[in-house]
Amino acid sequence: MISRNLHNDLEGYAEIKEEIAVLKKYGTDFTLQKGEVARIINLHHPKKLSLRISQIIHETESTKTFRLVSSTRPLPPFQAGQYINLFVEVDGVRTSRPYSISSPPSQTAYYDITVRRVAEGFVSTYLLDEVKVGDIFQSTSPSGQFYHNPLFHGENLVFLAGGSGITPFMSMIREITDRGLNRQVQLIYGNRINDDIIFNKEMEERSACCDNVTVHSVLSEPADGYNGLSGFITAELIKERVGNLDDKMFYVCGPAAMYTFVLGELKKLGIPKRKIRMEVFGPPPDIKSQPGWPEDVSINDRFDVKMKGKTTIKAKAGEPLMNSLERAGIVVTASCRSGECSLCRTKLVSGKVFQPRGVKLRKSDRAFGYIHPCMAYPLENLEIII
Amino acid sequence: MSDYDVVVIGAGNGGLTSALSLAKNGLSVLMLERHNIPGGCATSFIRGRFEFEVALHQLSGLGTEEFPGPLRNTLGELGVMDKLEFVRMDNLYRLTMPGSLDICLKADRAEAIAALKEQFPEESSNIDRFFDLLYEYCTQWIHVTMLRDPKASKDKYPLYFKYALKSTQEVFDEFFQNPQLKTVIGVYWSYQGLPPSKVTFGDFAIILWAYIEFKPWHLKGGSQALSSTLLNTYLEAGGDVRFNCGAKKIMVSNGRVTGVITEEGDEISTDRVVSNAGTATTYVELIEPEHIPNQLLRELGTMTLGTSFVSIFMGFDQEPHQMGIDQTTNFITTSPDADHVWDRSKTLSTPEWLLFSCYDVDDPDFSPKGASQGSLVTISYAKPWLSVPPHQYHEIKYAYAQKMVDTLAGVFPAIKDHIEEIEVGTPLTHMRYLGHPGGSAYGFDRYAKDTEFFIESRSPIKGLYIAGAWPGMGGFQPSIQSGVTIAKSIQKSMETQGGERS
């Protein structure tokens, strides 16, 4: 900076001063824009949605679809395959679960989520047995990375689904057929028995009327007399059904065990990484069998978790830290509950946690001790900043 | 007695460096950050097996150990220099104008001049004269503004007084004939957001000169390594931080800051607030209008919201050289007319200017082995994006991004077969993450009228300081240094107040 009395010696200074004087009269009044940033962001991605159950649709013996309408503002847009994280309060514990939206994004009058009963499932049991039309829930805005990205996915898609993993694909197939999109879809859908197949009738109808969608149903434990495809989704079956594999993009969504199997099969077929899209799937069912789990820690060990400037709680080793926090009434922002979205990222000041493979930690998270409590299991007493 | 000597709103570059600088000097500081990590723009995110750098392309002002730049000194004073690992880039940039020009400039005066002369032999003497001016201007600038020569005058430093406020384009026109040559020399206008016809030579010259003299640098671990290191050092110095906790209001009484109310409703008393939330957000959203002097509103009204970006983050399943990428910093432009390029950036028409940074060229550890990543960016004002109906947003976003990818593939055809991840951020994305109106990354547009000669940087509200890109130049170096400057002025004011401490 030069002292102000020299400014006048700068060439062009006086003219710019005049320009400023004019602008001061006729410039922008920024105060009129108060609240505008929030308003625009809320059109696309509000932090929270308030949703009312307008309809409950019986899908199979163990599965229901909940139709959710907005009880306040219009629902934001989403991409077929994305999920919402639904907040619930069960037995006095506030928790949440991510559910893929099964309705198509071509309309946002409602979102459908389709929920299958999970054995001993804390939340699915509650949703299927207790929730009724008119109940109000909060959720996050739709998010997630499992959707068709036209910049590099191409038009030839192979969907590999297992059980309730069909839900994001249902949204995609509905969008493709409803809007007549130029995408070729082959769905290979694995289930245990015929009665487990969700959206069976609708998929048959859609594939019958639209040439670009083909459905291959595979049963692992078919009843006597069944003459369709049976077994698992193997390399041979994929090759035989799909034909030319070169120009295809493979999408995989299903239970944890299916990923290990199907990814192995795709590898056998020589499918490169860039041609495989995988949905995330939550904490593994048996954490101590994950590679890297220390032998000297039992899943029933309990540790102290101290929150800087707040209370100390007990947390079980065999359970994601987030669940223990929620049980103690501490709400952590969450969305994917699968270690991916980073919304729950928390600074670990001291102590050690186990984070299974696939948790998306950045270099700096590892270097500076940030963890994703939704997929972090305490192995020692901890101190965290929340 | 206040709860804290200083409350810092926002853990962006400017917030972090002011907080750290103050805490190191024994002040009690609370930093509020609405995200769960520090950094603001200086951050990264993960898709698949890639960790994408969000904002940092070429760190300026660092210099070498033998010839340190101002940033090296600042980071040294903050006690973080030896905790970070930097990689020097040899090149300023490669510029490709598909079908007509392809040139690479080294970050070295003689080599850059040689490359320019080879490409534009008929302008050899013009090129020499221009670089003489550039260096002589910057030398005079240092004497006047950095060394604060008390005898500074128009006679003693004629180039400074002649060129500081001149438009960059005027200077180009004075020295050069060939429009392509002007395009090549002027590429860094895009790091400032306004085309050469609108940015002062004073601003432009310093950037070009500083990149040549202090070299462009890459940071190992990306910009999040810097943010996290600053935060950790701040915590070690005894600073307090609250994450997931934005500020709702800065309380003001009789023209003085009295405290901050958090989004959770906590009231924190303090006499001093450093806001790293941006000038517009601070005055429009955080302070009640009755506390904003009319004069300040009129001054703000003369400014316009600066550019945002469309950023495409690409992960490849090959190494850069396998796809023909041999420079970190690649500019691609399909028009020699920067004014036209800039006009386009206010529409959703095909962008005619791109920056493609492939960090793995200079830092092979940046992406997983056998893979690499690129950040493909164009300047884009938020306005046309604001009128996109939400239900058409994704389609329009992809269509726009497709045009950028197609232009890039025109220069690097192999990339198309090796894309493993792509994420697209638009001005609306930046708006969501930064909270800035217009998704502005550099703050206000910086025309001549917005430079330090005309703008009062001190807030008329006592105890309020604004750190980051908004009050000055945009970018990493200015933001980092703004925090330190503010910390110094806070300490000075506290000393003169005779130890009025909590």
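A crossing of two helices is called left-handed if the near helix is turned anticlockwise from the far one by less than a right angle, and right-handed if clockwise. In the predicted model described here, local features need pLDDT of at least 70, side-chain atom pairs count only at pLDDT 80 or more, and totals for chains, interfaces and linings use all residues. Residues are numbered from 1 along each chain as its sequence is written, chains are lettered from A in the order in which they are written, and side-chain values use heavy atoms, without hydrogens and water.

The crossing of H2(A) and H15(B) is left-handed. Helices here are DSSP runs of H or I with at least four residues, and strands are runs of E with at least two, numbered from the N terminus. The table gives the two partners and the residues through which they meet (contact: heavy atoms within 4.5 Å).

| Helix | Residue range | Residues in the contact |
|---|---|---|
| H2, chain A | residues 36–44 | A:Val37, A:Ile40, A:Ile41, A:His44 |
| H15, chain B | residues 427–434 | B:Leu428, B:Met431, B:Arg432 |

The two helices pack at an angle of about 115°, with their axes 10 Å apart; axes are lines fitted to C-alpha atoms, for helices over the stretch in contact, and angles run from 0 to 180 degrees between N-to-C directions.

**The sheet of chain B**

Chain B holds an open sheet of 7 strands in the order S7-S6-S14-S15-S16-S13-S17, with mixed pairing. Its edge strands are S7 (101–106) and S17 (419–425), each pairing on one side only. Two strands pair if DSSP finds at least two bridges between them. Strands S13 (residues 308–316) and S16 (residues 372–380) of chain B are antiparallel over 9 bridges, and B:Phe313 has B:Ser375 in S16(B) as its bridge partner. Helix H14 (residues 393–411) of chain B lies across S6, S13, S14, S15, S16 and S17 of that chain, running at about 120° to S16(B).

**Nonpolar cores**

A nonpolar core is a set of buried Ala, Val, Leu, Ile, Met, Phe, Trp, Tyr and Cys residues joined through side-chain atoms within 4.5 Å, where buried means under 20% relative accessible area (1.4 Å probe, protein chains only). The largest core has 77 residues, of which A:Leu160, A:Phe169, B:Ile312 and B:Met314 touch the most other members. H14(B) gives the most to this core, with 9 residues. Apart from it lies another core, of 73 residues, including B:Phe175 and B:Leu355.

Key. Buried means under 20% relative accessible area, exposed over 50%, partly exposed in between (1.4 Å probe, protein chains only).
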